[in-house]
Amino acid sequence: MINLEFMKEIKTIGILTSGGDAPGMNAAIRAITRSAIFNGWRVFGIYRGYEGLIGGDFKELTTESVSNTIQKGGTILKTARSKEFMTPEGREKAYANIQKFGVDALIVIGGNGSLSGAQDFAKEHDVPVIGLPGTIDNDLYGTDSTIGYDTALNTIVECVDKIRDTANSHDRIFFIEVMGRDAGFLAQNSAIAAGAEAAIIPEDQTDIDQLEQFIAHGCRKSKNSSIVIVSESKKDGGAMHYAERVKKEYPGYDVRVTILGHLQRGGSPSAYDRILASRLGYASIEALQEGQRNIMVGISDDKIVYVPINKAVKKNKPIDKELIDVLAVLSI
Ligand code: F6P
């Protein structure tokens with residue numbers, strides 16, 4: 001039970017987006033802003049993530065400020081990866097601005113690094129912090145999905161479908177590299193959705209060489225082209241590494257590489273991401289009203305859940321091994 005008696009009443013909140021932008025961040029900003037204003041609170045948008053928190057780049061948001069934004073990709077508040085916020089001195093400057101603008105609680109929309117920063121800030125300073133999972137990587141523990149993941153997945157699938165046309169026409173193997181940092185959610189699920197022949201993901205680290213396995217499973221024996229989705233993870237070396245290996249170890253194959261890069265982060269958010277962001281944004285204000293602090297608001301089995309931020313960022317979110325089996329069986 002949270003003891004509300006000793007808690008400072010919240011009248012003003014600050015919102016920021018941090019780290020890599022993700023489609024649906026604007027829908028979240030809109031939902032937080034409107035839910036807070038509905039509650040009678042003031043809202044400050046903090047620009048360029050923690051950089052703006054340190055530099056005092058605050059602007060009041062109204063209901064109108066977030067009009068016509070739900071369908072837009074990127075983040076209207078802009079974003080950054082702040083090195084200064086990683087230092088206690090940087091966080092001290094940030095706290096001075098929280099006091100200067102009379103902000104009683106902070107809502108951070110971002111991925112693993114951004115929520116870790118939020119956690120450090122909350123440990124050192126007496127400010128309730130609520131995190132919202134905003135990253136295409138889907139790598140935050142305790143939530144089934146993160147804002148932006150579904151849109152990025154759909155973007156990847158659309159691109160892979162197009163590459164398949166040319167791969168088929170030329171009888172080629174394509175290694176397509178997708179984002180995800182150290183998580184293979186985008187790679188594994190886009191491979192299933194696009195009917196790829198294989199996915200190489202960091203979570204599937206066994207003694208079995210994933211490339212050998214792919215070749216041994218009869219790549220091109222019954223098909224005239226192959227698509228292999230490779231997670232960008234440094235552990236595996238990326239798509240280039242595998243293409244080079246095929247050229248050296250299995251000469252005779254016609255190999256190409258496509259690195260999808262930042263196009264995966266752009267574009268109008270999917271309906272799923274807009275609804276997820278709206279629900280999480282609304283729930284973040286409810287959480288503050290209930291006296292919650294230092295939690296991430298997530299979704300599990302289609303229900304809103306509160307996850308302690310330290311768990312969300314520290315625990316590794318496992319990939320469902322069944323997804324690996326599904327792809328292996330369906331790509332024969
Ligand atoms: O975390 C989101 C993400 O897009 C990762 O998938 C990727 O590794 C990284 O950000 C790229 O970061 P940047 O835009 O700074 O190059």
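Start by selecting residues 88–100, which form helix 3, and residues 112–124, which form helix 4: the two pack at an angle of about 70 degrees, and their axes are 10 Å apart. Because angles of 65 to 115 degrees count as roughly perpendicular, helix 3 is roughly perpendicular to helix 4. Keep in mind that you're looking at a predicted model.

Now show the side chains where these helices touch. On helix 3, pick Pro-88, Arg-91, Ala-94, Tyr-95 and Ile-98; on helix 4, the residues they meet are Asp-120, Phe-121 and Glu-124. What kinds of residue make up this contact of helix 3 with helix 4? Color them and you'll get five nonpolar and three charged, with no polar ones.

Look for four strands in the order 7-8-6-9, paired in parallel and forming an open sheet. Which strands sit at the edges? Select 198–200 for strand 7 and 255–259 for strand 9; each of these edge strands pairs on one side only. Going from one strand to the next, the twist averages 20 degrees.

Zoom in on residues 173–178, which are strand 6, alongside strand 9: this parallel pair has five bridges. As background, the strands of a sheet pair through backbone hydrogen bonds.

For the last stop, select residues 238–249, helix 8. What does helix 8 lie across? You'll see strand 6, strand 7, strand 8 (226–231) and strand 9 there, and helix 8 runs at about 160 degrees to strand 6.

How values were computed:
Residues numbered from 1 in each chain as written. Predicted model: local features only at pLDDT ≥ 70, side-chain atom pairs only at ≥ 80, totals over all residues. Heavy atoms only, no water. Axes fitted to C-alpha atoms, helices over the stretch in contact; angles between N-to-C directions. Parallel < 35°, antiparallel > 145°, perpendicular 65-115°, else oblique. Contact = heavy atoms within 4.5 Å. Nonpolar A, V, L, I, M, F, W, Y, C, P; charged D, E, K, R; others polar. Pairing = 2+ DSSP bridges.
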